[in-house]
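Subject: Structure handover

Hello,

Here is the structure for you to work with. Please load it before reading on.

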Amino acid sequence: MADADRVDWDAEADTFDDEPDHGLRDGVVREAWAERLRAWLPETPSDVLDLGCGTGSLALLAAEWGHHVTGIDRAPRMVELARAKLAGRDAVFLLGDATAPPVGEQRFDVVLVRHVLWALPDPGRVLRHWRGLLRPGGRLVLVEGVWGTLSPAGIPADRLAALLEPLTSDLRVERLSDDARLWGREVADERYAVVAHV
Ligand SMILES: C[S@@+](CC[C@H](N)C(=O)[O-])C[C@H]1O[C@@H](n2cnc3c(N)ncnc32)[C@H](O)[C@@H]1O
């Protein structure tokens with residue numbers, strides 16, 4: 001994760017799901033993410049915009065609960081794999097830039113982003129744009145962290161919270177490092193989710 005801003009995600013796509021928290025192939029890991037994500041998303045079927053959706057693992061969980069998912073990724077192979085993973089579901093995947101998603105005037109109940117924001121230039125500007133993609137009462141669900149202990153890379157929760165505070169009406173940080181089920185192993189670095197309503 002530490003070099004994610006330099007990764008060729010197209011080249012990584014075919015093996016991306018081999019990581020436990022990416023592919024959610026292990027039932028325990030999948031259930032751990034399902035529990036968290038279910039609590040972060042609205043209870044009623046909603047329009048979810050998944051930015052930097054990768055192979056669509058979180059999108060699949062959301063779609064299984066009746067949410068309509070629009071996934072955006074700039075790596076064509078990721079989009080292909082996400083389309084295959086959610087074939088037959090109420091989901092659309094588009095090739096595009098998460099910082100300026102190609103959704104026209106469409107607005108969403110949730111902007112969901114896992115492990116993408118930290119590597120984008122000018123996260124404050126990006127967050128303002130994402131906020132504008134939400135309907136009134138909508139929410140940002142951001143899963144981020146600071147990976148590695150020797151040369152850590154990422155966005156700390158307090159920095160992300162400070163960027164979100166002027167943009168959102170309430171904000172909750174949920175720490176994820178202590179739940180080894182999410183990662184398929186113990187982790188020592190900072191991992192968290194922020195749910196922020198507008
Ligand atoms: C670490 S992966 C996370 C994938 C997915 N969100 C997940 O949690 O399984 C990062 C993903 O973000 C995508 N990505 C990175 N920068 C992007 C950008 N500016 N616009 C769209 N997608 C981007 C990559 O192609 C890759 O699929």
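What follows is a summary of what was found in it.

Two ground rules. Residues are numbered from 1 along each chain as its sequence is written. The model is predicted, so to speak of local features a pLDDT of at least 70 is needed, side-chain atom pairs count only at pLDDT 80 or more, and totals for chains, interfaces and linings use all residues.

Overall shape

The protein has 8 helices and 8 strands. Both are DSSP runs numbered from the N terminus: helices are H or I with at least four residues, strands are E with at least two. The C-alpha trace spans about 45 × 40 × 30 Å along its principal axes.

Of the 198 residues, 38% are buried. Buried means 20 or more other C-beta atoms within 10 Å of the residue's own; exposed means 12 or fewer; partly exposed is in between; C-beta atoms are placed from the backbone. Take the contacts between residues at least 6 apart in sequence: 63% of them join residues at least 24 apart. A contact needs C-beta atoms, placed from the backbone, within 7 Å.

Annotation

UniProt lists residues 49-142 as "domain: Methyltransferase type", in an unreviewed entry. UniProt positions follow the numbering used here, feature names are shortened, and annotations may be inferred rather than shown by experiment. Over residues 49-142 the chain is 29% helix and 32% strand. The end C-alpha atoms of that stretch are 12 Å apart.

Ligand shell

There are 20 residues around the ligand, and Trp9, Gly52, Gly54, Ala98 and Arg114 come nearest. Helix 4 (57-64) and strand 2 (68-73) are the elements that give two or more residues to this shell. A residue is near a molecule or strand if its C-beta atom, placed from the backbone, lies within 6 Å of it. By type, the shell divides into 10 nonpolar, 6 polar and 4 charged residues. Here Ala, Val, Leu, Ile, Met, Phe, Trp, Tyr, Cys and Pro count as nonpolar, Asp, Glu, Lys and Arg as charged, and the others, Gly among them, as polar.

Strands

Strand 4 (residues 108-114) is mostly covered, with 7 of its 7 residues buried. Strand 1 (residues 47-51) runs parallel to strand 4, joined by 3 bridges. Val48 stands opposite Val110 there. Strand 5 (residues 134-147) also pairs with strand 4 in the parallel sense, over 6 bridges. Val113 has Leu142 of strand 5 as its bridge partner. Strands pair if DSSP finds at least two bridges between them.

Strand 7 and strand 8 (residues 190-197) run antiparallel, with 6 bridges. Arg175 stands opposite Tyr192 in strand 8.

Two residues

Phe93 is in strand 3 (residues 91-95). Phe93 is buried, with 23 other C-beta atoms within 10 Å. Leaving out residues up to four places away in sequence, Phe93 touches Cys53, Gly56, Gly71, Val79, Ala82 and Arg83.

Asp17 is in the loop between helix 1 (9-16) and helix 2 (20-23). Asp17 counts as partly exposed because it has 18 C-beta neighbours inside 10 Å. Asp17 and Glu105 are 32 Å apart, C-alpha to C-alpha.

Best wishes

Conventions. Two residues are in contact if their C-beta atoms, placed from the backbone, lie within 7 Å.
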